[in-house]
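Me: I would like to learn how to read a strand and its surroundings in a model. Could you take me through it step by step?

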Amino acid sequence: MASLKDLKNRIASVKQTQKITSAMKLVAASKLKRAQEQAEASRPFAEKMSEMLANLAAGVRDLPNAPALLAGTGKEETHLLVVATSDRGLCGGFNSSIVRGARRRIADLQNQGKAVKIICIGRKGRDMLRREHGKLIIEFIDGVAGQKRMAFADAQMVAENLVERYEAGEFDVCTIVYNKFKSAVTQIMTVQQLVPVEPPEIEAAPDEKAGETAIYEFEPDEEQILSELLPRNLAVQIFGALVENAASEQGARMAAMDNATRNAGEMIKKLTLQYNRQRQAQITKELIEIISGAEAAV
Amino acid sequence: MAEAAGGPASGKVAFELVSPERVLASLEADMVVVPGEEGDFGVLADHAPVLSLVRPGVIEIYDGNSVSRRIFIEGGFAEVNPKGLIVLAEAATPLPELSLDRAKELLRNAEDDLEDAREPSESEREKLERVIEVAKLRVEALETHGGAV
């Protein structure tokens with residue numbers, strides 16, 4: 001049985017841990033707020049861009065000289081998986097759910113006899129995938145995840161990287177795996193295709209919309225606009241995923257730290273009870289010793 | 001032409017300038033002049049729908065007959081639809097927020113970058129040259145308009 005001193009030390013150490021976890025929770029909560037704001041601020045651009053793309057793509061997609069980013073390479077042999085995780089741990093199931101999703105997809109693709117390549121954004125994902133799929137990882141992009149504010153320039157850099165590889169014929173299909181932010185407690189693991197671009201459907205009110213899209217004028221022409229728009233759209237998609245991921249990471253961390261703080265509280269309660277019982281037992285024991293000693297002397 | 005639901009008051013054109021990180025401007029103006037790929041074009045209310053590339057340059061926002069705001073953008077896309085004009089730009093700065101000295105400094109930095117790059121690949125060189133081009137245009141815009149509105 002642990003001595004009184006041991007118990008006291010234990011309680012002190014759990015209290016310290018609780019202080020740290022509750023501080024981390026507060027930090028995550030404020031970071032979450034910022035990340036959420038950023039996610040909201042970046043939405044209009046992404047929406048407008050998909051609208052434009054939808055308007056454009058409808059007319060060009062079936063042309064024989066449609067850009068490869070839109071039409072694909074005509075094969076589906078090599079798949080590139082962009083696994084976006086965080087740089088830091090202690091955020092509950094955030095990273096493991098992404099990695100689990102990535103593993104499942106890798107297994108699926110390999111069963112179908114496709115080649116798989118991986119690009120990792122974020123240290124945690126790389127560390128977790130390295131053991132099993134180390135040979136498949138062709139690049140690790142450092143320093144993008146875990147910034148205070150996601151910079152669009154970073155997403156652009158990743159997009160340029162992808163376009164170069166695509167044009168060099170290194171892969172046929174590219175998907176990104178990340179966590180979509182739903183609320184502070186729920187994040188949805190999402191697998192999203194980046195290349196070839198899947199143009200969003202033109203939504204709702206088809207009669208009115210059709211009239212609108214038909215009369216667009218293009219300057220210079222559709223193809224040229226598309227060839228500029230597609231790589232940018234790729235960057236926007238990646239940026240969106242990274243921003244969602246950042247918000248999810250903070251949300252997951254907040255929830256995890258909240259749990260940890262509560263657990264520590266319970267543990268302290270249990271240990272304190274044990275400590276008090278033992279203290280009382282000892283006092284009782286000492287009293288009995290004194291009383292029986294006195295009785296013997298009489 | 002029928003006024004689109006939710007459109008601005010007649011005679012005004014709704015203008016939105018959006019960057020990936022935030023909405024930079026959302027206002028109504030009498031006319032907006034956009035530096036299109038194939039020449040500047042002015043957008044008034046009820047302009048025909050257009051999708052255009054935008055080259056680096058200055059967007060001019062007119063209130064009445066005079067320019068009320070000038071915004072320098074580093075290229076992007078413009079869409080005119082019955083609801084108004086939307087410009088998607090990766091980077092934009094209102095001219096008054098930019099001093100000529102700062103613009104010249106940016107240009108020098110960009111030129112230095114190109115000189116310092118050892119054996120840049122073709123794509124790198126192109127990229128750096130583009131940055132210089134944008135910086136030059138920025139200086140030019142400030143010299144013409146003096147930064148003040």
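**Reading a strand in its setting**

Reply: Let us begin with pairing, keeping in mind that this is a predicted model. Five bridges join β5(B) to strand β8 (residues 76–81) of chain B, and the two run antiparallel; within this pairing, B:Leu53 stands opposite B:Phe77.

Me: Which strand of chain A is joined to β5(B), and do the two run parallel or antiparallel?

Reply: Strand β6 (residues 217–219) of chain A is joined to β5(B) by three bridges, and these strands run parallel, with A:Glu219 placed opposite B:Ser52.

Me: How should I read the two faces of β5(B), and are their residues buried or exposed?

Reply: In a regular strand, side chains alternate between the two faces of the sheet. In β5(B), one side carries B:Val50, B:Ser52 and B:Val54 and the other carries B:Leu51 and B:Leu53, and all of these are buried, so that both faces are covered. Because five of the five residues of this strand (residues 50–54) are buried, the strand is largely enclosed by the rest of the structure.

Me: Where does the largest share of the largest nonpolar core come from?

Reply: That core has 51 residues, and A:Ile121, A:Leu162 and A:Ile238 are among those with the most contacts inside it; its largest share, 13 residues, comes from helix α7 (residues 222–297) of chain A. Not counting residues up to four places away in sequence, A:Ile238 touches A:Ala155, A:Val158, A:Ala159, A:Leu162 and A:Leu194. Another core, of 20 residues, lies apart from it and includes B:Val50 and B:Leu85.

Note on methods. Residues are numbered from 1 along each chain as its sequence is written. Chains are lettered from A and ligands numbered from 1 in the order in which they are written. This is a predicted model: local features need pLDDT of at least 70, side-chain atom pairs count only at pLDDT 80 or more; totals for chains, interfaces and linings use all residues. Side-chain values use heavy atoms; hydrogens and water are left out. Buried means under 20% relative accessible area, exposed over 50%, partly exposed in between (1.4 Å probe, protein chains only). Helices (H or I, at least four residues) and strands (E, at least two) are DSSP runs, numbered from the N terminus. Two strands pair if DSSP finds at least two bridges between them. A nonpolar core is a set of buried Ala, Val, Leu, Ile, Met, Phe, Trp, Tyr and Cys residues joined through side-chain atoms within 4.5 Å. Contact means heavy atoms within 4.5 Å.
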